[in-house]
Amino acid sequence: MKAISKAVVAALALTLAAPAAKAGSELMPGISTGIPMGVPLPEGVYLISIPTYGERDSDPRQDVTAIAPAWLIWSTPVTIAGGRLLLDTVMPFANVDIDGGPTFTGFTNPIIDAQLKWDLGNGFFGGFQTGLYLPVDSDVGRTGIAFQGLAALSYFTPDWNITTTLVYGTGQDGVEGGPAWFNADFTLVKKFGGFQIGAVAFASTDLSTPYYGYQKQSQFAAGGLVGYDFGPVNVQLKLTTDLYEENYGGRDTRVWANFIIPIWSPGKQMAAK
C-alpha cells in the first residue's frame, strides 16, 4: 500500500481549474508542484483532494479558496508503445471573496483527461496528457469548451523528486472566455524515508487577448514543501508567494495541501480474496 501511495503521487493528472474564468489559466498555476507528473501510475483507481487558500494583496484584497473534492483517476491495464494509459476527471469547487465586496461560490469548469506515462530508465520518467474542459455556468465562471495539453519529465528515486511540468491551454475567445495560456511548474524535493522537504516554483503567462482591452497576465512564484508518506495516504503541504506579477492587481500568497488516497488495485482485490 505504501508503494502504491508513492506511485499515486508520481502520476496524477492535475487539472484543478482556476477560479477566475475570465483571467489567466484554466489550470491553477502551481497546482502540480510537489508531484512527479512524469511517473507512470500502477493499475488501479485513485482519489485525490487538493485544497488551497490564498490571499492577493490587491486593492481591494482578494481571498480565493479552491478544492478538488473528489478527483477520480483510473490507471488502466492498457499500455500503448510501452506507456501506461490513464483516464481521469474532476469538477473543482471555488470560493472568491472580494474584501468589502461580493463573494462568488460555485463549481468551475470540469475536465476529462487522458495520459500516457513511460519509464525511461535510470530514474527518469516522462509523459504526455491531453484534456477537454467542458462548459460551466456558475457564480465563479461561465466558459465554453477548451483544450489542454501537458508534458512532464521527472527524475524520481527513493531519495529525490525533480520534476518539470509544462502545460498549454487553448482558452476561448470572448468576454466569457479566456486567453490561451502557458504554465510551468517546478519541483526539487529530497526524501528521507517517509519525510519530504524541498522547494517548488511556478510561472504562468497569457498567450492571447480573448477580447478587446484584455490585459495579459503573468506571474512567477516560489516557496517550500514538506510532506510525509503515512502509507495508505500521502500528504504534502506547500507555501508559495509571488515574486513577480503583472496585471493581477497584487501579489498572491498561498497555502496548498495534497492528499492522495488509493481506493482500489488488482493486487488489493486479490489479497482480499
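Modeller: The discussion below takes confidence, ring pairs, charges over rings and the core in turn.

Colleague: What is the average pLDDT of the protein chain?

Modeller: This is a predicted model, and the chain averages a pLDDT of 86, with 88% of the residues scoring at least 70. Over residues 1-22, however, pLDDT stays under 50, although the model has 111 contacts beyond four places in sequence for that segment.

Colleague: How many aromatic pairs does the structure hold?

Modeller: A pair of aromatic rings is described by the distance of the centres and the angle of the planes. The structure holds 7 such pairs. In one of them, the ring centres of Phe124 and Tyr155 are 5.1 Å apart and the planes stand at 50°, so this pair is tilted.

Colleague: Why does the pair of Phe124 and Tyr155 tie together parts that are apart in sequence?

Modeller: Phe124 belongs to strand β9 (residues 124-133) and Tyr155 to strand β12 (residues 146-156), so the pair joins parts that are 31 residues apart in sequence. Phe124 is partly exposed, at 38% relative accessibility. Tyr155 is also partly exposed, with a relative accessible area of 27%.

Colleague: Which geometry does the pair of Phe202 and Trp256 have?

Modeller: The pair of Phe202 and Trp256 is edge-to-face, with 6.2 Å from centre to centre and 80° between the planes. Phe202 lies in strand β15 (residues 195-206) and Trp256 in strand β18 (residues 252-264), and the pair links these distant parts of the chain, 54 residues apart. Both Phe202 and Trp256 are buried.

Colleague: Which residues do ring pairs link into a cluster?

Modeller: Phe195, Tyr228 and Phe230 are linked in this way.

Colleague: Which lysine lies over the face of Trp256?

Modeller: Lys238 lies over that face, at 4.7 Å from the ring centre of Trp256. In another case, Lys191 lies over the face of Phe156, at 3.8 Å from the ring centre.

Colleague: Which residues of the largest nonpolar core touch the most other members?

Modeller: In soluble globular proteins, nonpolar side chains tend to be buried together. Here the largest nonpolar core has 25 residues, of which Leu27, Ile31, Ile48, Trp71, Ile73 and Tyr133 touch the most other members.

Colleague: Which elements give two or more residues to this core?

Modeller: They are β1 (44-49), β4 (71-80), β5 (83-90), β12 and β18. The element that gives the most is β12, with 3 residues.

Key
Residues numbered from 1 in each chain as written. Heavy atoms only, no water. Phe/Tyr/Trp six-rings, centres within 6.5 Å; stacked < 30°, edge-to-face > 60°. Helix = DSSP H or I, 4+ residues; strand = E, 2+ residues; numbered from the N terminus. Buried < 20%, exposed > 50% of the residue type's maximum accessible area, 1.4 Å probe, protein only. Lys NZ or Arg CZ within 6 Å of the ring centre and 35° of its normal. Core = buried A, V, L, I, M, F, W, Y, C linked by side-chain atoms within 4.5 Å. pLDDT = per-residue confidence, 0-100. Contact = heavy atoms within 4.5 Å.
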